[in-house]
Amino acid sequence: MRILHSKKEMFALFLPGFLLGILYVNFIVKQYIAEPGIFSTYVMRQYASVEIIAGEYMLYLIRVRLFPAVLLAGMSFTKLRKLSAAGFLLWTGFSSGMLLTMAVIGMGVKGILLCIVGVLPHFLCYIPACIVVLWYCWMYPQNRWNRQKTVFVVLMLLMGLILEAYVNPVWMKAFLGIL
């Protein structure tokens with residue numbers, strides 16, 4: 001029963017962040033939404049026409065994706081593990097709420113579809129890796145870190161990086177071609 005309660009606690013931290021992201025876009029940065037941004041047709045056409053060099057993109061992704069993962073993993077072995085997990089959940093909720101709201105305001109339902117295509121298939125690897133680390137942070141000392149968790153997290157992050165560098169750009173261009 002403690003497991004179910006912990007999932008609810010973690011979800012209860014993500015949702016307020018999500019709501020804050022929605023409120024932030026609607027009430028604080030509303031004046032900037034009217035300006036052309038990442039969800040404008042111009043930016044979408046530019047993205048569809050640019051050639052992405054997977055090797056260079058991979059180096060960029062390593063910096064952008066591994067820094068938060070290594071930071072969270074490092075914090076998970078300190079006394080601030082639960083606080084860092086809570087901060088991570090709030091921040092990801094806030095970012096998700098903000099991004100989805102801007103997508104809906106900018107493109108409507110197409111914006112939601114764009115966000116879904118934009119996080120597939122690599123987030124199917126990143127999310128389980130983050131959940132394992134967050135679960136460890138949340139459930140310590142009942143849950144101990146071990147070699148299997150390390151191997152799983154590293155493999156999932158590597159698979160996510162490869163999918164994001166080589167598969168996602170193809171999917172995005174295909175999706176933008178049918179918009």
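Residues are numbered from 1 along each chain as its sequence is written, and side-chain values use heavy atoms, without hydrogens and water. In this predicted model, local features need pLDDT of at least 70 and side-chain atom pairs pLDDT 80 or more, whereas totals for chains, interfaces and linings use all residues.

Me: Is serine 76 buried or exposed?
Reply: Serine 76 lies in the loop between α4 (54-75) and α5 (81-107); helices are DSSP runs of H or I with at least four residues, numbered from the N terminus. Beyond four places in sequence, serine 76 touches Arg81, Val133, Tyr136 and Cys137, contact being heavy atoms within 4.5 Å. Buried means under 20% relative accessible area, with a 1.4 Å probe and protein chains only. Because its relative accessible area is 1%, serine 76 is buried.

Me: Which elements give two or more residues to the lining of the largest cavity?
Reply: A cavity is a set of points on a 1 Å grid where a 1.4 Å probe fits but cannot get out, and lining residues have an atom within 4 Å of a point. The lining comprises Ala69, Leu72, Ala73, Ala129, Cys130, Val133, Val153 and Leu157. Two or more of these residues come from each of α4, α7 (123-139) and α8 (147-166).

Me: Where does proline 141 lie?
Reply: The peptide bond from tyrosine 140 to proline 141 is cis, with omega near 10°. Proline 141 is placed in the loop between α7 and α8.

Definitions and conventions. Buried means under 20% relative accessible area, exposed over 50%, partly exposed in between (1.4 Å probe, protein chains only). On a 1 Å grid over the protein atoms alone, a cavity is a set of points where a 1.4 Å probe fits but cannot get out, and a pocket is an open set with protein on both sides within 12 Å along at least five of seven lines; lining residues have an atom within 4 Å of a point.
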